[in-house]
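Work through the exercises below with the structure open beside you, and try each task before reading its solution.

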Amino acid sequence: MTPIRSREIVDSEDRLPKKRWSEGWIFVLAMWLLSRLVIIVAMQLIAPLIQSPPTDYDYTPLGFTHNFVPKAGWELFTHWDGAWYRQIATTGYDYANDGQKYPVAFFPLFPLITRGVMSLGLPFDVAGPLVNNLALLGALFFLYRWSEERFGVKEARWSTAVLAWCPFSVFGTVAYTEGLFLLVTTAALRAFDNQQHGRAAFWGALATATRATGAALVPAFLFVAWREKRPKIAYAAGLASVGGLLLFSAYCGLRFGDPIAFIHVQEAWGDQPTWGYIASHALSGNKDSLIKLIMFLGGGYLLWHLRNKLPLVALAYAVFSLAIIAYSGALQSVSRYVYAIASLSLALGLVLAKHPRWGYAIIGFFALLLGRYAIRFAWWDWFF
């Protein structure tokens, strides 16, 4: 009987990782579906029913129509920057150094993938949100697996819940790059933490082809390679991660004669608030400015508080990311940029795993804000 019992134990142990993998996927899928359902209901059912004066602006954002009132439809997912990505995916890039706004300010990976999906016959209004939503699902899974490997199932669940239910996860559903950026950066960080340097370089290059702030991976990888005395391939992975940005720069140089056109064009978006402006408005009761400060300063505090618990690469990447945000001057969307730092969801997940009662309250509050932000986005109401 002993051999049979031993075989049963071995078989049970072999099945355990598969069981955990399956349970992890179920949890991730549930968090993704439920949080996306809140957004869809808020945008498609509630927003059109709200009795409010039509939205209007003194200036005209790309894709905006005056006296706008939302009506249920895919178009509600493509406001603000979604209109720029539509232009890139349908007609490509254009640029002139004349102080005007051009789509070259937006990096190419998201519109390139979306264009590929559109080749299947889907319009941009469907393809863009579809790409971003599926990418967010992938990001949630990578974060879950990374947190589970490092800390455990409880921490993995809370980290995933934070990323899914954060109010700014609305940008993981609309035609923006948040979902894709979180996918490639989380995959890169997990790979580097596991010393899978080839994969880290691949995902890192995709990150710098998605958004300029993906460049924070480069110093993070190099610093960790030095600090942990890793082999030369780790340094190579760090340097290779800038590949996406370099390719886009080469494209700009060949097409427009300006390798840093994506930097020069930012001057057209020069009406950015300062930290003093944000702080003064926060103190005077402006909720959006207060949230900007809370997310930025709170994120910094979390990193300091958990500096000895977080994986070093997660800590380094978050610090460099916050530094880029702080000194870039592009402070209008601080909250959205901070949300896209996967390390901070990991950090808050670790805290909530130790204080689940607070965790449930916070996730519930997040869900309410998520619905509210989805409605505001549908109404072309700036909050990010």
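**Exercise 1.** In this predicted model, find which helices the buried residues of α9 pack against.

*Solution.* The buried residues of α9 pack against α6 (178-193), α7 and α8 (217-227). To see which residues these are, look for those under 20% relative accessible area; in α9 they are Ala234, Ala237 and Gly238. Viewed down the axis of α9, these buried residues fall within an arc of 100°, so they line one face of the helix. On the other side of α9, Lys232 and Leu239 are exposed.

**Exercise 2.** Determine how helix α7 and helix α9 are oriented, and which residues make their contact.

*Solution.* Begin with the geometry: α7 (residues 197-208) and α9 (residues 232-240) pack at an angle of about 10°, and their axes are 8 Å apart. Because angles under 35 degrees count as roughly parallel, α7 is roughly parallel to α9. Next, list the partners: α7 contributes His197, Ala201 and Ala205, while α9 contributes Ile233, Ala234, Ala237 and Ala240.

**Exercise 3.** Check the span of helix α16 against its number of residues, and decide how many of its residues are buried.

*Solution.* Helix α16 (residues 342-354) has 13 residues, which at 1.5 Å a residue should span 18 Å. The C-alpha atoms at its ends are 19 Å apart, which agrees with that expectation. As for burial, α16 is mostly covered, since 11 of its 13 residues are buried, among them Ala342, Leu346, Gly349 and Ala353.

Key: Residues are numbered from 1 along each chain as its sequence is written. This is a predicted model: local features need pLDDT of at least 70, side-chain atom pairs count only at pLDDT 80 or more; totals for chains, interfaces and linings use all residues. Side-chain values use heavy atoms; hydrogens and water are left out. Helices (H or I, at least four residues) and strands (E, at least two) are DSSP runs, numbered from the N terminus. The expected span of a helix is 1.5 Å times one less than its number of residues. Buried means under 20% relative accessible area, exposed over 50%, partly exposed in between (1.4 Å probe, protein chains only). Axes are lines fitted to C-alpha atoms, for helices over the stretch in contact, and angles run from 0 to 180 degrees between N-to-C directions. Angles under 35 degrees count as roughly parallel, over 145 as roughly antiparallel, 65 to 115 as roughly perpendicular and the rest as oblique. Contact means heavy atoms within 4.5 Å. The arc is that of the directions from the helix axis to the C-beta atoms.
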